[in-house]
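Please look first at the whole chain and then at its parts, keeping the sequence beside the structure as you read.

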Amino acid sequence: MAIRVAHVGTGNVGGLALAALITNPAFELTGVCVSTPEKVGKDAGELCGVGLDGPLKTGVTAVNDLDALLATQPDCVVYCAMGDTRLPDAMGDVIQILAAGVNVVGSAPGLLQYPWGVMPDKYIGRVEAAAQQGNSSIFITGVDPGFINDLLPFALAGTCQRIEQVRCMEIHDYASYDGAEVMHYMGFARPLDEVPMLLQPGVLSIAWGTAIRQLAAGLGIEVDEITESYRREPAPEDFDIAVGHVAKGTLAALQFEIRGMVKGRPAIVIEHITRLRPDLQPDWPQPAAGGGSYRIEITGEPSYAVDIVPSSRKGDHNHAAIVGAAGRIVNSIPAVVAAPPGIRSTLDLPLIRAKVCSQRANYTERNPRWGE
């Protein structure tokens, strides 16, 4: 029997996750919730561009009311609304969903990926209480923070006799990244005398602290403190990217590190190198191929250096990475629905696997409204 799933958020990750829900026979889409007024009333297929010959009509139209979404009686909600810049609202939403007896899988709020040691206990307690009330569970994931910082390092670490350091890296050209809010949050195309939200003291340590703490828990070590640093490079001249204009002298390349310190040494490190042009800061680490890659380095016995190069038939490395995030979210639904109530992490869940199957060859097979 198909799992009944409702969906929140149709941005970069959300749109791809919604398309995966529609085209996977393991799921039955019950509803879609959006925040943009212009999207209300539109068919789910139109919102995510699913269809062989134009947008598919699913018969499920978007609402902007969470209560109306929950009234469709889903088993699970895929929550992909923005969480970075609206954390209190996102927390309130998932608490409401959990308390209603509905499981949550999604990309936000990111702090719930592994909140212990990062969020105050009272806030964690509210989420746990809602989950116990509704006998529901929540799993927040993505690519980075996400499977690059937990699933893959744990797989490699499981072969080591000794580990001195785990380093997870994202090395990407963001020129094609179509996410204006995230780019502003990071400070790109902004004057260097401005300190963007992401680089405010402590924010990096919170945003990626979940990944640091989860790796530490899985490796059986105690992190004494989390430290952070960053470097910025201005644009040498004016140029344009997907989200707009980059003026000379504004931020065009960013490197930052978040370090989990153990006895004065960095035992767990998450590093990002983000450029808006490949020629900027050539001495910083370069991607393994194309415009972007992820790198996992384990120093120990044995040591590893593993590069993951995402690619897609429908876009570049940035698009491919988002497809991976959406895939991890959607493929996790059955395990989260079956999990005990509470906040779940990669450490709790079984190995998430995708069943090899083609998309619905005939979209009208399961629902005669589809394809009308």
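In this predicted model, the C-alpha centres of domain 1 and domain 2 lie 27 Å apart. The assignment gives domain 1 as residues 3-140 + 322-343 and domain 2 as residues 151-308, the bounds coming from an automatic or database domain assignment. To the contact between them, domain 1 brings 13 residues and domain 2 brings 14 residues, where contact means heavy atoms within 4.5 Å.

The size of an interface is often given as the accessible area lost when the parts come together. Here the area buried between domain 1 and domain 2 is about 1,200 Å², and carbon and sulfur atoms give 62% of that area; buried area is the accessible area (1.4 Å probe) that two parts lose on being put together, summed over both. Between domain 1 and domain 2 there are 0 salt bridges, a salt bridge being a side-chain nitrogen of Lys or Arg within 4 Å of a carboxyl oxygen of Asp or Glu.

Local features need pLDDT of at least 70 and side-chain atom pairs count only at pLDDT 80 or more, whereas totals for chains, interfaces and linings use all residues.

A search of the whole structure finds 11 salt bridges, including the pairs in this table.

| Glu28 | Arg4 | 3.3 Å |

Glu28 forms its salt bridge with Arg4, and because Glu28 lies in strand S2 (residues 27-33) and Arg4 in strand S1 (residues 3-8), the pair ties together parts that are 24 residues apart in sequence; strands (E, at least two residues) are DSSP runs, as are helices (H or I, at least four residues), and both are numbered from the N terminus. Glu28, at 33% relative accessibility, is partly exposed, and so is Arg4, with 27%, since buried means under 20% relative accessible area, exposed over 50%, and partly exposed in between (1.4 Å probe, protein chains only).

Finally, Arg167, Glu257, Arg259 and Glu271 are linked in a network of salt bridges.

Note on methods:
Residues numbered from 1 in each chain as written. Heavy atoms only, no water.
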